[in-house]
Amino acid sequence: MDVTVVGSGPNGLAAAVVCARAGLRVRIIEGQTTAGGGVRTLADPEFGGVAHDVCSAIHPMALASPFFREFGLADRIGLTVPALSYANPLSGRPALLAYRDLERTCAELSHPDSWRALFAPLTASPTAAAEVMLSDKRSVPPHPVLAARLGLRVGAQGSPAWRLLRGDDARALFAGVAAHAVSPLPSLPAAGLGTVLAALAHTVGWPVPIGGSQAIADALLDDFARHGGELVLGQPVTTPPPGVVIFDTPARALLDIYGDRLPPRYAAALRRLRYRSGVAKVDFVLSGDIPWADPRLAEVAMFHLGGDRDQMAAAESAVAAGRHAEHPMVLGASPHVGDPGRIDDRGRRPFWTYVHVPHGSPVDQAEAATATVERFAPGFRDVVLAVRSVPAPQMAEHNANLVGGDITGGGNSLWRTFAGPTLRANPWALPMPQAYLCSAATPPNGGVHGMAGFYAARTVLKREFRLRVPTLEP
């Protein structure tokens, strides 16, 4: 075997596909009994016609990631792009809506020129903002003029200057999307992710994979198999595999896998790594439509359930300080809006939520998630048939990268975004011979985009095999 990839999340799969297409013999070893990591979909244990996305449900990067675009993901699976990218429900007033159409979004805001000034320069090219964010942080960034504009906007929205965005409605609309970073508001990591995701919301949109997130994993696995790849399931890795190895694992997992074979200084650096705020997962099985106070929300797949900007900022500040928020930030998704096939023959359908919590909090968040949705949809409890709750410490049981519920692998800080888990010229190359890292702990960090896997594979091909990156076209 030429290359072993440990872990089958989207980055591990991306690395495996690139190496297999280069003509190498590649094996993926996955500790779970199903492959896909953060892009898996599993049937509900009681209502078999309803399936839950194990981690991510809506995929803003599916049409924007350079890896997915060259791979031709949109030609390999069904991706539905709702006209409404996301929404912020509010108590006692109409919800705030982000349409794929920038001008339509602006038209519903109290100060449309402010939102337009923030995003119009970033939406002239549909995917350029994402390409800047997903760059390797070691090369001259693509689209340098846009990169400068993006940097200025991130700097403003990540600092007290975020008050320059006019209108309580626009401020809430931005804070909701920035909260995907699970980071204090304002902060540069939240502003960076929020700005790019909002720009994509007005261009390529936020796609819903037909059949669930598993479709993304299956497309990558199919290509991997067609190029001779081997998949091994249900086999946790406790010692380093022989030969070249690419780890799609938390950086600190290397302490257990390598033990005293790690260089002492590197081992000490890994021990100093700290995970950050986390999420708890709560999946619902619903008997019918959610009774949103604003009926327009029936057409929305992605929700930011945190109230106004001050409320969201207070919630994220509490979580970052290790406290549970009185009204936590909750992300919600109704994937059946983009994929009616997610509704079974009796009208039952899934509703997905992430509740932001302190890292490793053992508190069950089922009631918190339910109460949050009920706040914007009175009568929600009446349509709940079942609740599947996964507290933060248990998140790693179905995805080893989510230690204590940290979906960013500790990467939601400006330093880690650029440096990776430790400061190295090449953050995907480890200080052990023939060992590489491709998880969300490496740039460009979290999200379903495959770019960390691509960069790790690119490094492996050049350093170990003197090969060029192959074409990824279908």
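Cys19 is buried, at a relative accessible area of 0%. Buried here means under 20% relative accessible area, with a 1.4 Å probe and protein chains only. The model is predicted: local features need pLDDT of at least 70, side-chain atom pairs count only at pLDDT 80 or more, and totals for chains, interfaces and linings use all residues. Residues are numbered from 1 along each chain as its sequence is written, and side-chain values use heavy atoms, without hydrogens and water.

**Cysteines**

A disulfide is a covalent bond between the sulfur atoms of two cysteines. The cut-off used is a pair of cysteine sulfur atoms within 2.5 Å. By this rule there are zero disulfides. Cys19 is in none, and its nearest cysteine sulfur is that of Cys438. The gap is too far for a bond.

| Cysteine | Relative accessible area | Nearest cysteine sulfur |
|---|---|---|
| Cys19 | 0% | Cys438, 9.4 Å |
| Cys438 | 0% | Cys19, 9.4 Å |

**Overall fold**

The protein has 17 helices and 16 strands. These are DSSP runs: helices are H or I of at least four residues, strands E of at least two. The radius of gyration is 21 Å, close to the 23 Å of the globule rule for 474 residues, so the protein is as compact as a globular protein of that length. The radius is taken over C-alpha atoms, and the rule is 2.2 Å times the number of residues to the power 0.38. The C-alpha atoms fill a box of roughly 60 × 50 × 45 Å along the principal axes. Of the 474 residues, 61% count as buried.

Key:
Buried < 20%, exposed > 50% of the residue type's maximum accessible area, 1.4 Å probe, protein only.
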